[in-house]
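Try each task yourself before reading its solution.

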Amino acid sequence: MDITGFIANMPKAELHLHIEGTLEPDMMISLAERNNVSLPYASVEDVHAAYNFTSLQDFLDLYYQGMEVLQTPFDFYDLTNAYLTRCFAQNVTHVEIFFDPQGHTSRGLAFESALDGITSALDEAERALGISSKLIMCFLRHLSEEDAFETLEAALPHKDRIFGVGLDSSEKDHPPPKFMRVFKAAREAGFIAVAHAGEEGSAANVADAVDLLEISRIDHGNAVLDDSALTDRLSAAQIPLTMCPLSNLRLRVVDDLAQHPVRLTLQAGLLATINSDDPAYFGGYISENFLAVQQALNLSLEEICQLGRNAYLGSFMDDDQKAIALANFDAFAAENAA
Ligand code: ADE
Ligand code: ZN
């Protein structure tokens, strides 16, 4: 099997995926019609033409605008279901997905509208497609910590369906210390914690996310390599990095995929993984991310295997489920990596 076929068929886990970032232009237009929401785009082509980002903030402005078409639990169900159908086609067996409750409650939706729609699609995918999942709710870092506390409060009755808390949105000007108290409260309530750090921000943000927010995983973490002592610490602790190559390219975190740091992170002993972030906006789901970075860096089959395996290792599966998933991955690699 060639490396392209290997990537397509390899069992995969996705650990960094914003469900709102899977809103494809055709669904955006059809949901706008269904819900009578007016959009500044007349056609799918118009939406695509707007996806010409120069920074994270540039993207976020469109991402929050796009969300407005999501109004009912059915919309969130349809959105999640479409993503999981693509996962099945790409041999993704496990997903840990983010949602942004404040992007919806700020528009007057009940906290439960998004949650019920997303979790009913996740439950169904587990039964019908054998795809397991965890759901992580992100706090929007451009909003206040008080607002994040209200979101945590709203989540408490649903702890059985929400595994963790994350931190996303504008990294510039909203560093980790702003959310120390709410992360402590969330951890004390039993949620695991992750955070976006070192995407547009510095290695200091990654260190603060680890030390002050006590996160179990870093989302992106591109800047880690700028600090060799931090790199050594994260490598020794095997704290996973959920990297997103096509996102980094489209948001100009890297000018060129040939400059993507993923190979260097592997060489530094970091537990790096490949993910799609907001695939509808960045031009590819998980397989396309693997393929693009493989081609740009000429990654070897061994490096692809390491990245694929790292995703199961760095997942929040329980020990038994993880052991089975790793054995399954290793069997695939042994059979097909010849
Ligand atoms: N929200 C959705 N995608 C994001 C990203 N790549 N960085 C920060 N916040 C986000
Ligand atoms: Zn992200």
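**Exercise 1. Find how strand 3 and strand 4 run relative to each other, parallel or antiparallel, and how many bridges join them.**

Solution. Start with strand 3, which covers residues 132-140. In this predicted model, 5 bridges join strand 3 to strand 4, and the two run parallel. Now pick out one pair: F139 stands opposite L167 in strand 4.

**Exercise 2. Work out which way the residues of strand 4 point, and whether they are buried or exposed.**

Solution. Strand 4 spans residues 164-168. Step one is a general idea: in a regular strand, side chains alternate between the two faces of the sheet. Step two applies it: G164, G166 and D168 point one way, while V165 and L167 point the other way. Step three checks the cover: a residue is buried if its relative accessible area is under 20%, and 5 of the 5 residues in strand 4 are buried.

**Exercise 3. Decide whether the radius of gyration of the protein agrees with that of a compact globule.**

Solution. First, count the residues: there are 338.

**Exercise 4. Describe the whole protein: its helices and strands, its box and its buried share.**

Solution. Begin with the elements: the protein has 17 helices and 8 strands. Then take the box: along the principal axes, the C-alpha atoms fill roughly 55 × 40 × 40 Å. Finally, 57% of the 338 residues count as buried.

Key
Residues numbered from 1 in each chain as written. Chains lettered and ligands numbered in written order. Predicted model: local features only at pLDDT ≥ 70, side-chain atom pairs only at ≥ 80, totals over all residues. Heavy atoms only, no water. Helix = DSSP H or I, 4+ residues; strand = E, 2+ residues; numbered from the N terminus. Rg over C-alpha atoms; globule rule 2.2 N^0.38 Å. Buried < 20%, exposed > 50% of the residue type's maximum accessible area, 1.4 Å probe, protein only. Pairing = 2+ DSSP bridges.
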